[in-house]
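Reader: I'd like to learn how to read strands and charged pairs in a model. Can you walk me through one?

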Amino acid sequence: MYQFHVEPYEHQRKAFELSCELDNYALLMEMGTGKSKVIVDTACYLYSKGRINSVIIVAPKGVHSKWISHDIPMNIPPSIEYDSAVWRSGDVKSKTNCENLFRVGNHLRVLAVNIDVFSMPKSEPVSLVKRLLNATDCMLVIDESSRIKNPTAARTKTILKLGDMAKYKRILSGTPITNSVFDIYSQFLFLDSDIFGQSFITFK
(Lines give C-alpha, C1' and ligand atoms only; values in the text may rest on other atoms or scores of the structure.)
Protein backbone atom coordinates (compact mmCIF):
# COMPACT_ATOMS: atom_id res chain seq x y z
CA MET A 1 0.00 0.00 0.00
CA TYR A 2 1.03 3.60 -0.49
CA GLN A 3 3.50 5.01 2.04
CA PHE A 4 2.30 8.44 3.14
CA HIS A 5 4.86 11.21 3.46
CA VAL A 6 2.71 12.78 6.19
CA GLU A 7 0.47 10.39 8.12
CA PRO A 8 -3.20 11.16 7.47
CA TYR A 9 -5.96 11.41 10.02
CA GLU A 10 -8.25 8.40 10.05
CA HIS A 11 -10.97 10.12 8.01
CA GLN A 12 -8.38 11.15 5.40
CA ARG A 13 -7.03 7.61 5.22
CA LYS A 14 -10.54 6.25 4.74
CA ALA A 15 -11.27 8.78 1.97
CA PHE A 16 -7.99 7.88 0.27
CA GLU A 17 -8.65 4.14 0.47
CA LEU A 18 -12.19 4.54 -0.88
CA SER A 19 -11.15 6.71 -3.83
CA CYS A 20 -7.55 6.03 -4.87
CA GLU A 21 -8.39 3.26 -7.36
CA LEU A 22 -11.42 4.98 -8.90
CA ASP A 23 -11.38 7.06 -12.08
CA ASN A 24 -13.83 9.64 -10.72
CA TYR A 25 -14.71 10.63 -7.19
CA ALA A 26 -16.36 13.40 -5.17
CA LEU A 27 -14.74 14.41 -1.89
CA LEU A 28 -17.67 16.14 -0.19
CA MET A 29 -15.91 16.74 3.12
CA GLU A 30 -16.46 19.70 5.42
CA MET A 31 -14.14 22.69 5.26
CA GLY A 32 -10.94 22.14 7.24
CA THR A 33 -11.00 18.34 7.08
CA GLY A 34 -8.02 18.11 4.71
CA LYS A 35 -9.44 17.37 1.28
CA SER A 36 -6.31 18.70 -0.41
CA LYS A 37 -4.09 16.18 1.40
CA VAL A 38 -6.27 13.32 0.15
CA ILE A 39 -5.87 14.67 -3.39
CA VAL A 40 -2.09 14.99 -3.14
CA ASP A 41 -1.79 11.49 -1.68
CA THR A 42 -4.02 10.14 -4.46
CA ALA A 43 -1.98 11.91 -7.13
CA CYS A 44 1.26 10.51 -5.73
CA TYR A 45 -0.24 7.02 -5.52
CA LEU A 46 -1.48 7.13 -9.13
CA TYR A 47 1.85 8.54 -10.29
CA SER A 48 3.78 5.80 -8.48
CA LYS A 49 1.61 3.23 -10.28
CA GLY A 50 2.38 4.83 -13.65
CA ARG A 51 -1.22 5.88 -14.24
CA ILE A 52 -0.79 9.66 -14.33
CA ASN A 53 2.05 12.09 -14.88
CA SER A 54 0.21 15.35 -14.33
CA VAL A 55 -2.32 17.01 -12.06
CA ILE A 56 -4.33 20.12 -12.88
CA ILE A 57 -5.92 21.94 -9.96
CA VAL A 58 -8.77 24.31 -10.82
CA ALA A 59 -9.68 26.42 -7.80
CA PRO A 60 -10.93 29.87 -6.75
CA LYS A 61 -8.47 32.75 -7.00
CA GLY A 62 -5.92 32.65 -4.19
CA VAL A 63 -6.84 29.10 -3.21
CA HIS A 64 -5.23 27.85 -6.43
CA SER A 65 -1.83 29.32 -5.57
CA LYS A 66 -1.97 27.86 -2.03
CA TRP A 67 -2.02 24.39 -3.56
CA ILE A 68 1.41 25.03 -5.11
CA SER A 69 2.97 26.98 -2.24
CA HIS A 70 1.69 24.79 0.62
CA ASP A 71 -0.43 21.70 -0.03
CA ILE A 72 1.76 20.06 -2.67
CA PRO A 73 5.21 20.57 -1.07
CA MET A 74 3.94 19.64 2.39
CA ASN A 75 2.48 16.28 1.36
CA ILE A 76 4.49 15.06 -1.61
CA PRO A 77 7.23 12.50 -0.82
CA PRO A 78 10.86 13.59 -1.46
CA SER A 79 11.25 10.54 -3.70
CA ILE A 80 8.86 12.01 -6.27
CA GLU A 81 10.40 14.46 -8.72
CA TYR A 82 7.92 17.11 -9.77
CA ASP A 83 7.52 20.48 -11.45
CA SER A 84 4.76 22.84 -10.39
CA ALA A 85 3.38 26.10 -11.70
CA VAL A 86 0.62 28.62 -11.01
CA TRP A 87 -0.96 30.45 -13.91
CA ARG A 88 -0.87 34.21 -13.26
CA SER A 89 -1.99 36.50 -16.06
CA GLY A 90 0.69 38.93 -17.20
CA ASP A 91 3.42 37.31 -15.07
CA VAL A 92 6.42 36.36 -17.24
CA LYS A 93 7.98 34.09 -14.62
CA SER A 94 4.67 32.29 -14.13
CA LYS A 95 4.34 31.74 -17.88
CA THR A 96 7.87 30.35 -18.04
CA ASN A 97 7.13 27.95 -15.17
CA CYS A 98 3.98 26.79 -16.95
CA GLU A 99 5.89 26.12 -20.16
CA ASN A 100 8.49 24.16 -18.19
CA LEU A 101 5.77 21.65 -17.34
CA PHE A 102 6.17 20.36 -20.90
CA ARG A 103 9.84 19.46 -20.55
CA VAL A 104 10.64 15.85 -21.40
CA GLY A 105 10.92 13.49 -18.46
CA ASN A 106 9.19 11.00 -16.20
CA HIS A 107 8.46 13.53 -13.46
CA LEU A 108 5.07 14.60 -12.14
CA ARG A 109 3.69 17.90 -13.38
CA VAL A 110 1.32 20.04 -11.29
CA LEU A 111 -0.54 23.07 -12.62
CA ALA A 112 -2.89 25.32 -10.63
CA VAL A 113 -5.32 27.62 -12.42
CA ASN A 114 -7.89 30.15 -11.21
CA ILE A 115 -11.38 28.84 -12.05
CA ASP A 116 -12.54 32.26 -13.30
CA VAL A 117 -10.39 32.01 -16.46
CA PHE A 118 -12.63 29.22 -17.78
CA SER A 119 -15.39 31.76 -18.44
CA MET A 120 -13.30 32.64 -21.52
CA PRO A 121 -12.91 29.36 -23.46
CA LYS A 122 -10.34 30.80 -25.91
CA SER A 123 -8.13 32.41 -23.28
CA GLU A 124 -4.43 31.62 -22.95
CA PRO A 125 -4.72 29.68 -19.66
CA VAL A 126 -7.52 27.50 -21.05
CA SER A 127 -5.32 26.72 -24.06
CA LEU A 128 -2.51 25.83 -21.67
CA VAL A 129 -4.77 23.42 -19.79
CA LYS A 130 -5.86 21.80 -23.07
CA ARG A 131 -2.24 21.34 -24.11
CA LEU A 132 -1.32 19.68 -20.84
CA LEU A 133 -4.36 17.41 -20.98
CA ASN A 134 -3.40 16.38 -24.52
CA ALA A 135 0.25 15.82 -23.71
CA THR A 136 -0.08 13.88 -20.44
CA ASP A 137 -2.12 11.38 -18.45
CA CYS A 138 -3.85 13.78 -16.12
CA MET A 139 -5.93 13.94 -12.97
CA LEU A 140 -8.17 17.01 -13.22
CA VAL A 141 -9.34 18.40 -9.87
CA ILE A 142 -12.08 20.99 -9.33
CA ASP A 143 -11.72 22.54 -5.89
CA GLU A 144 -14.87 24.23 -4.54
CA SER A 145 -16.86 22.47 -7.25
CA SER A 146 -20.03 24.41 -6.46
CA ARG A 147 -18.45 27.04 -8.74
CA ILE A 148 -19.62 24.86 -11.66
CA LYS A 149 -23.17 24.35 -10.35
CA ASN A 150 -24.76 26.33 -13.20
CA PRO A 151 -24.89 24.02 -16.24
CA THR A 152 -25.59 26.90 -18.63
CA ALA A 153 -22.62 29.05 -17.56
CA ALA A 154 -19.68 29.37 -19.97
CA ARG A 155 -17.26 28.42 -17.19
CA THR A 156 -19.15 25.18 -16.50
CA LYS A 157 -19.42 24.26 -20.18
CA THR A 158 -15.70 24.79 -20.71
CA ILE A 159 -14.73 22.68 -17.71
CA LEU A 160 -17.11 19.88 -18.70
CA LYS A 161 -15.46 19.65 -22.12
CA LEU A 162 -12.00 19.63 -20.60
CA GLY A 163 -13.09 16.90 -18.21
CA ASP A 164 -13.59 14.57 -21.17
CA MET A 165 -9.84 14.80 -21.80
CA ALA A 166 -8.77 13.79 -18.29
CA LYS A 167 -7.87 10.26 -17.25
CA TYR A 168 -8.98 10.81 -13.64
CA LYS A 169 -11.35 13.40 -12.21
CA ARG A 170 -12.07 14.69 -8.72
CA ILE A 171 -14.41 17.32 -7.27
CA LEU A 172 -13.95 18.83 -3.82
CA SER A 173 -16.55 20.71 -1.81
CA GLY A 174 -17.80 21.13 1.71
CA THR A 175 -20.95 22.80 0.37
CA PRO A 176 -21.94 21.14 -2.92
CA ILE A 177 -25.52 22.38 -2.50
CA THR A 178 -25.75 26.11 -1.82
CA ASN A 179 -29.25 26.94 -3.10
CA SER A 180 -31.13 23.81 -4.22
CA VAL A 181 -30.59 20.15 -4.97
CA PHE A 182 -30.21 21.12 -8.64
CA ASP A 183 -26.78 22.52 -7.74
CA ILE A 184 -25.29 19.03 -7.77
CA TYR A 185 -26.20 18.17 -11.38
CA SER A 186 -23.30 19.67 -13.34
CA GLN A 187 -20.80 18.89 -10.59
CA PHE A 188 -21.54 15.20 -11.03
CA LEU A 189 -21.89 15.57 -14.80
CA PHE A 190 -18.24 16.62 -14.75
CA LEU A 191 -17.37 13.32 -13.07
CA ASP A 192 -19.52 10.99 -15.17
CA SER A 193 -22.56 11.63 -17.36
CA ASP A 194 -23.97 8.22 -16.36
CA ILE A 195 -24.62 9.40 -12.79
CA PHE A 196 -27.53 11.74 -13.52
CA GLY A 197 -27.71 11.60 -17.32
CA GLN A 198 -26.88 14.26 -19.90
CA SER A 199 -30.15 16.23 -19.71
CA PHE A 200 -30.56 18.82 -16.97
CA ILE A 201 -34.26 19.13 -17.82
CA THR A 202 -34.78 15.39 -17.32
CA PHE A 203 -32.82 15.53 -14.09
CA LYS A 204 -35.03 18.36 -12.79
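Author: Here we look at a strand, then at some salt bridges. This is a predicted model, where local features need pLDDT of at least 70, side-chain atom pairs count only at pLDDT 80 or more, and totals for chains, interfaces and linings use all residues. Residues are numbered from 1 along each chain as its sequence is written, and side-chain values use heavy atoms, with hydrogens and water left out.

Reader: Is strand β2 mostly covered or mostly open, and which strands does β2 pair with?

Author: Buried means under 20% relative accessible area, exposed over 50%, and partly exposed in between (1.4 Å probe, protein chains only). Strands are DSSP runs of E, at least two residues, and helices are runs of H or I, at least four, numbered from the N terminus. Strand β2 (residues 54-59) is mostly covered, with six of its six residues buried. Two strands pair if DSSP finds at least two bridges between them. Here β2 runs parallel to β4 (residues 108-114) with six bridges, and V55 sits opposite V110. With β5 (residues 138-143), β2 has five bridges, also parallel, and V58 faces I142.

Reader: What about salt bridges, say K37 and D41?

Author: Side chains of opposite charge can pair when their charged atoms come close. The rule is a Lys or Arg side-chain nitrogen within 4 Å of an Asp or Glu carboxyl oxygen, and the count comes to nine. K37 and D41 meet at 2.9 Å, N to O. They're four residues apart in helix α2 (residues 35-48), so about one helical turn separates them. Both K37 and D41 are buried.
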